[in-house]
Amino acid sequence: MTKLSTNTSPTYNKNAHTINPFIVCVLIALCFLYTGAGYLSWMYHLVDFFPASNVDVLTEVIGYLFQALGILIFSIVTKKATKSSSISSIVILSIDLALIITACLSPNAVLTLILGYLMNIAHGLVAGVYLTLLVTHVTQQKRALVFAIGYAVGTVLSHLISTIGSDNFLRDNRVLIIYAIITVLSIITVYLCCSQPQNTELSKASGQNASKDATDTADAQSQSLKTLLDSPVLLTLFT
């Protein structure tokens, strides 16, 4: 007669450390791709209303400050929130896409500028989304590599899109369809990422480790907040 096991303690998920880093890396690449390219499309649209020298200041100085503001807002909300969900992340990505489209289709200068700055705040919120998932779903040893690969892939793909049609494709309204497709892929990736266990939960092998796991979870949450609060500085350095 076979003896049934009574061990109900959580088991280590071997696939979590291989699946989660890849999913987060793909998410970072997709977000960098559509936010970076969308930012350039908005900048090109501003050239229709302002001199190029003024556009540089309006976008590369003021615009990036609004992105930093978006990350700061996300970090403050994250600190006060008791629970996060994939729904809020999906809403953020959807709002960001809507602002990209409206900012690039706006018929006048003032509205283009206002919608563009709101878009940059949304870009910052999107950055908060993937930075949070980076901390909560990727081990500390792999975070730098995952972020670097995602950033590099997103940047290269953004450049490749800009070269379509003799470097004029980012000025074409048809590029907004590509942004919509990439955003949908990003939303699917967020859902897949949030369906995976957080890395702080993967080490729970038995009840006797509960105290240590609680400490690890608290440390991870603290590190996550610190990462988000440091992000405006990192964003400034990236520019």
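At the start of helix α4, a side-chain oxygen of N108 reaches to within 3.4 Å of the backbone nitrogen of V110, a polar contact (N or O atoms within 3.5 Å, one able to donate a hydrogen and the other to accept it). The model is predicted, with local features needing pLDDT of at least 70 and side-chain atom pairs counting only at pLDDT 80 or more, while totals for chains, interfaces and linings use all residues. Residues are numbered from 1 along each chain as its sequence is written, and side-chain values use heavy atoms, without hydrogens and water.

**Helix α4**
- Helix α4 covers residues 109–137 and reaches 42 Å from its first C-alpha to its last, close to the 42 Å expected at 1.5 Å a residue.
- Of its 29 residues, 24 are buried (under 20% relative accessible area, with a 1.4 Å probe and protein chains only; exposed is over 50%, and partly exposed is in between).

**Helix α1**
- S41 lies in helix α1, residues 16–46, and is buried, with a relative accessible area of 4%.
- Leaving aside residues up to four places away in sequence, S41 touches C104, L170, V175 and Y179 (heavy atoms within 4.5 Å).
- L40, also placed in helix α1, counts as partly exposed at 25% relative accessibility.
- The C-alpha atoms of L40 and T59 are separated by 9.2 Å, although these residues are 19 residues apart along the chain.

- I188 has its place in helix α6, residues 175–194, and is partly exposed, with a relative accessible area of 45%.
- I177, I181, V184, L185, I188, Y191 and L192 form a nonpolar patch on the surface, with about 670 Å² of accessible area together.

How values were computed
Helix = DSSP H or I, 4+ residues; strand = E, 2+ residues; numbered from the N terminus. Expected span 1.5 Å × (residues − 1). Patch = residues over 30% accessible without salt bridge, like charges linked within 9 Å, V, L, I, M, F, W, Y side chains within 5 Å. Areas by Shrake-Rupley, 256 points an atom, 1.4 Å probe, with all protein chains shown as cover. Salt bridge = Lys/Arg side-chain N within 4 Å of Asp/Glu carboxyl O.
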